[in-house]
Structures are given as C-alpha cells and as structure tokens.
There are 2 protein chains.
Amino acid sequence: MPQVGGHRIVIVGGGFGGLACASKLGGAPVDVSLIDKRNHNLFQPLLYQIATAILSPADISEPLRRTLGKKRNIDVVMAEVVGIDAQRKAVLTRDGAPVEYDTLVIATGSVDNYLGHDEWKQHAPGLKTNRDARQVRETLLLAFERAELTLDPEERRKLLTFVIVGGGPTGVELAGAIAELGVFLLQRDFRNIAPKELNIILLEAGPGILSGFDEKLAQYALRRLEARGVDVRVNTPVEAIAAEEVTAGGEKIPTACVIWGAGVRATPVAEWLGVEPQRGGRVAVAPDLGAIGFEDIYVLGDAASVQGEGGPFPALAQVAKQQGQYLGRKLRLSAEGRHDDAPFRFRNRGITAVIGRNAAVFQSGRFKLTGRLAWWLWAIVHVYLLVNFEKRLLVSVQWIWTFLTGQRNARLIDDRS
Amino acid sequence: MPQVGGHRIVIVGGGFGGLACASKLGGAPVDVSLIDKRNHNLFQPLLYQIATAILSPADISEPLRRTLGKKRNIDVVMAEVVGIDAQRKAVLTRDGAPVEYDTLVIATGSVDNYLGHDEWKQHAPGLKTNRDARQVRETLLLAFERAELTLDPEERRKLLTFVIVGGGPTGVELAGAIAELGVFLLQRDFRNIAPKELNIILLEAGPGILSGFDEKLAQYALRRLEARGVDVRVNTPVEAIAAEEVTAGGEKIPTACVIWGAGVRATPVAEWLGVEPQRGGRVAVAPDLGAIGFEDIYVLGDAASVQGEGGPFPALAQVAKQQGQYLGRKLRLSAEGRHDDAPFRFRNRGITAVIGRNAAVFQSGRFKLTGRLAWWLWAIVHVYLLVNFEKRLLVSVQWIWTFLTGQRNARLIDDRS
C-alpha cells in the first residue's frame, strides 16, 4: 500500500462518482485506496447496446488500474465491501482484511429495485452489469433461434414475445433496440418467421413513459416506439413474474424473455452506517456531501440524498460524476491545508433517451430536441463521454457499421456449458 | 426449411471447413442446412488473444446467419448433433427433430485431447471456445488481483505461477502473450508485485517446442520465450493435474492457473458412423473426402484422415478451409449435373507462430522467416483472414493500440455471480 502522505482516503466504488473523486486526488499529498468488487469502470448508459449485440463489454468497460495506474499515490483494491466499522474507522471486505481509513468516500451507487419482489429477479434480469447484459443478449438471440426451429405455434409466440418492465429511459431504449434488432434479423437472416410475429411489450405502471421528460418529448417517443411495432402499455403495473410468464393488467403474458428496468434503489449504505434511510434507501448528506452524523464519511451519487441546496438529486451518471469531482477537489484542497466550504452545485447537462436509428429525445431546461438531430447529438455526446480515444474509435466504427448496414457486431451466443 | 432443388445437403459444423463448403453451395440447385451448436463461426487462431485480453470474443466470431443469410437456399440450424442414423439418412440432435439428408458433410473438427485424463479438464481448461478463452482471461487477471492483496508469500508465488501444457503453436503463443501481459501489468498498474516474481512455465513432453517447424525456427522461438522470462521445460511430460497443482518431471508445482494446449483429437464422428477410428480418432476418407464404406457421407478437416494423395493432413485451419471449398465446389458441380473426379489437393500456405511483439516464426516449404518481418507478415495475414472489413478494422485498431501503448482493451473480470 502506498505511504505517501500519511492521511488515508478510502473510496468505495469505481463508478462515475468514485472514479472522478479518485482521479482528482492523483498526486495529492494523501494515500488513496479505491475499492471495487469489479476490476473495471462500466459505462452503464450503453449497457443496453451490449444486450442488443451492437457493442462488446470491453468497449464500455475500462480497468480501474488502467485509469489510475500512473497515479502512484492511488492503490486499487479488488474486494467486495460488506460493511463499515465507523468506530474502528475501517471498511470490512468479504475475503480480505479490513481496510482502515482516515476519510471515507462511499460511492457504491444503486441496484435494481424489484419493489419488494426479489424473487422476480431470477426470471427478469435487470441491466446493471456486463453479466446482466450478456445474459439478456443470449436470451434474446436464443429465443429467435428456437422460434425458427419450433413447429408449435404457441411455443413460437411465447419465444417471440419480449416483455420490458418500466417505461423510463432504460426501458424505452431497450424496447427500441430490440425492435430494430428483431426486424433486421427476421427480414434478412431467418427463414421461418415473419417480422410481424415479433411481439415487444413495454409495461409502465404510471400514466406515461419517460415521466422525467417534457410531455411533448414523451409523446414523440411513444409514437416512434409504436411505429416500430412496440406495444406500449401504460397504467399497467406488473402483478407477477414467474418462469416464462408475466402477469400485468390482469393478463397473463407467456414470454421467454422479461427484462427489468423499473427503477433502482440505493446500495445498503444506510444499513452499513446504521442510519435511517431516506427515500429510495439513500443516506442523508449535508450540502458538502458529508454523511449527517459523521465527521469523516462522505456519500455521493445514487446512494446519497443531499439535504437542501437543490437536493436530493436524481440518480444520474452526471450527478455522480460532478459530485465525485467536487469531493475530490475538496479533499485535495483540505490535504494541502487549504479549505473550500462551498457546497456542491449541480450543473444540469440535459437528459436524453434514444429510441432507435435517427430517433431520440433531448431536453435541457427549456431547450427540447427530437428526431434525427437529437439522435446525432446523443451519439456524439456518448462517444465523447467514453474514457479514451481507443474506445471512442472502436464504438464509432461499430456504430457507423450498424448505421450503414443494420448489422450488429456482437450477435454472439456463448457456447453452452 | 428451404425447398429449392429437392436434393438436400446437410453440413454439420460451421467451422472453417463447414462454412467454406456451405458458402460454395450458395445459389446452387440444392437445399442446404448447416447445423452447429454455436450460432457463430469462430476464428480459433486468435483465441489466445481473447485469453490475454487483447481482443473481445465478438472480434473473432461471426454469426453463421450473417455469413449465409443472403444465400436463400441455405438454412442455419442451431442444434447439437449427438449421432447419425446412416440407415435412415438422418442427423440426430439433442433437443430437436432428426434432420434428414441426401448428402451429408461432417466438419465437426476436434476437441482437446487430455491423453486419457479427462478429469484434468476441470483444472486445466483448453482453448477451443470463447467460453474457454474468457475463463482463462478471468483466471489470469484475478490471479494478479489476488497476488496484489495477499500477505502470504507462498500464496503469492502460487498465484503468480502460470503453467501452460504443450509446446506447440498454441502453448508458445499463450506463454509469450501471458509474459507480455504480466510484465506490462506489473510495471505499470500494480504496486506490490515486481515483474521478476512472474513465473510462467511451458511444459513440453517431447525434446523441443514447435516440433512441426524447422529446428532453427524452434530454437529462435525458444530463445525469445526465455528472453521474455518464460521457463521452458522440454522432455517434461505432465504426470498429474489437481486443483492448484501440476506434477511434471517429478516436481509438484503449485499454481492458480493451468492451461491445456497439448494437442487435439477428432470429435466422435467415427463412433457416430460405427467405423474404426484412425490415428487421433479420425475417420478414414477417400481422396475425394468420401467416408470409406459410405456413398453419401463426406468428412473433412480435423475429423478426417485422407487415405493416400498426401494425406492424412495436419489439423490446420487452412486444410479444413481448402477441403470445404473443394467439397462445396464438387457438390455444386454434381448438383448441376457436371462431375469432377479430381481428388483434393492441399496447397500449403505455410505455418506460423507468434511469440510476442516483433517476434514470430513463419515457414513455407524451404522459405523461413523470423523476427520483426515474420511478425508483421503474421499480423497482416491474420487481419486479412478475418471475415469482413468491420472485423478487420476493429482488430487492427486494437492491435495498433496495443503495439503503441502496451495496453490491452479487454482487461475485464466479469462481475462475480
């Protein structure tokens, strides 16, 4: 472990927030340890493109050591955190020794929220990790292969029915991408299935999809999804999910593929700290992100609920990233003996969702954009947000190829074990 | 199923041979079904680059439907073949209905040969599928992460010991690539391990590595491996493989990672056909690749042993590909009422193995090449052999990036389940 400055900052979580915080602390007179159960930072906004065979996991995953390797005061620890001993000032990990801290930053993000029905998870994976996305990709592609071979019309209908739960950006993007993939495959590559047999159902419990967006943009997205053949059902909460069957709006829907995109809840940080969780399981923090009731613990991103100063903020990558940058700078100044008591301020960069080729929505304050232009803006911004030139080039090549030919580079069903 | 010409050709296996055969039959007056348990053709010569985090599975895997989708007389069936009923003229699959044929082409290739010790497989995966390669990649990368954290010197030595069994091209390429990966990681990204702690052992039962190559080339490869720190042990057959331990040359070697590259044997085609297997489990075929004793069954590639006319041929991709092309053309002519009785002739394109950056060997007849030039030739030929422009571009970008920076794009440890 590095022993540069003596003061030891431990960051838990290498997502957008944790990594931004660590990066700001490179070269500062402190010892930093970044703990994550993964070895990589994952660009989650593009996970649905892994699930729909456009990109490969490596294209949106960057090893933490690669990002931080040259910052010699920062140490990466691959371990799963299972608790925090605030008395002893130590982070507890599953297999290894406790990691002691002087200052602790918690940036562990969120997990899929199954609304009290964790038993649904086995039948309806979410989309939070590469493993999830690969599993969805395999289920999708296998469903087409099996539908091509079966002679039983009911089995075939079930195999060609894809249910997506949740009409937020994740659900909308998935539904649009699956529709595009399916139509392409059935027109070009399969022999026994007609594109009209494809049955993609998007379930939303509330009165409309994309509830965080302006009503006009939501209406646009709805029209574009329906034009692609997606069956969008609003005011239709899921009642049950079993093997190969979803019940919603009183109807039993046989399906070989259910994907969960109906919201998230915070990782169990409140439990680790022994504090009362706020809405969504988040931990109350002051405007400087300090956990309320603690002197030396900060929480940021999806796990934090800022009290006052515009908070709590939505569970967005840009919030986590900005909070990580803010806190990294603050801790750096503090280590250098300078102090900055300014609270965190969120600069909203706008929100966006993509429905498919040439169709997206973008909204920033009163500025709204739909269609081809929004789609190009979405694509350029997302390429730019990737971590380095190599990934930008790889993703661009694959997007351009898909745009020109409709083909998908990663239509890969793993060898069966 | 397509019903174009009436005569039905079934090809089992979508590797180099089966796919080449199918491609030649596109548009011919026959119905073709290509059966494979995977949905993709895999460019096996680059699998070691998946295992060592340079490329992603999708970069070297091409969906069979993508290659054959536009050839409307060809149907792809994703199913696992478990036997052949030559009386009924049907291929038996694990889950689906039997697939009937008029003419059958078997191109199922080979599997790892554990020399009668199939129980070693669980501890020493081979390198035949994307799943294998991803498993090796994960084991390698996790070993470094765990070595970085452990305080126990014996555990650490075990974690940093990598054993590769077999000194053929696969073993040599793997050993070289692991050495390069390890040195790069330990110099740049890890804090607690010195590059000299890396312990890569290449075990070869025979008197020298690369036994298929000229002695001078083999000597060159040996020197280059040793210069990279690989401990090459010839005349050292493996005696036992258990969990985290290999016994070879009377020595017990503790190791967290053993990879099997000690040769292949044919898939059980001889058993399916009820014929006496030849050397390596292959099936005896005539110089026109017709299985001896059958009128309507052909076998090609690693599973075939050509009697006479220069055969049997080595288990190489170029042999399978050329045999597939030969047979596809022959069957096409036959379907068109023309016949060509010329036997298969192998045109040797040369053999090559790469040890690492700027180091490879190439041999074609009496022409021999080593070093930087052989490496560039190897790289250009392998990019050219990839299936389409998109994959060539993606692989080139990643190779150039790795060449310039030493970085690897796919240093990805999956989320633990």
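The contact takes 55 residues from chain A and 55 from chain B, where contact means heavy atoms within 4.5 Å. This is a predicted model: local features need pLDDT of at least 70, side-chain atom pairs count only at pLDDT 80 or more, and totals for chains, interfaces and linings use all residues. Residues are numbered from 1 along each chain as its sequence is written, chains are lettered from A in the order in which they are written, and side-chain values use heavy atoms, without hydrogens and water.

**Interface**

- About 5,400 Å² is buried between chain B and chain A, and carbon and sulfur atoms give 50% of that area. Buried area is the accessible area (1.4 Å probe) that two parts lose on being put together, summed over both.
- B:R65, B:R191 and B:D415 supply 15% of the area that chain B buries against chain A, more than any other three residues.
- The two chains share 4 salt bridges (a side-chain nitrogen of Lys or Arg within 4 Å of a carboxyl oxygen of Asp or Glu).
- B:D414 forms a salt bridge with A:R134; the closest N and O atoms are 2.7 Å apart.

**Helix 11 against helix 11**

- Helix 11 (residues 389-405) of chain A packs on helix 11 (residues 389-405) of chain B at an angle of about 180°, with axes 10 Å apart. Axes are lines fitted to C-alpha atoms, for helices over the stretch in contact, and angles run from 0 to 180 degrees between N-to-C directions.
- Helix 11 of chain A is therefore roughly antiparallel to helix 11 of chain B (angles over 145 degrees).
- Residues that meet include A:L393, A:V397 and A:W401 from chain A and B:L393, B:V397 and B:W401 from chain B.

**Sheets of chain A**

- Helices (H or I, at least four residues) and strands (E, at least two) are DSSP runs, numbered from the N terminus. Two strands pair if DSSP finds at least two bridges between them.
- One open sheet of chain A has 3 strands in the order 6-7-8, with antiparallel pairing. Strand 6 (81-85) and strand 8 (99-100) each have a single partner strand, so one side of each is left without a neighbour in the sheet.
- Strands 6 and 7 (residues 90-93) of chain A pair over 4 bridges. A:V91 is the bridge partner of A:I84.
- Another open sheet of chain A runs 14-15-16, also antiparallel. Its twist averages 20° from one strand to the next.

Terms used. Angles under 35 degrees count as roughly parallel, over 145 as roughly antiparallel, 65 to 115 as roughly perpendicular and the rest as oblique.
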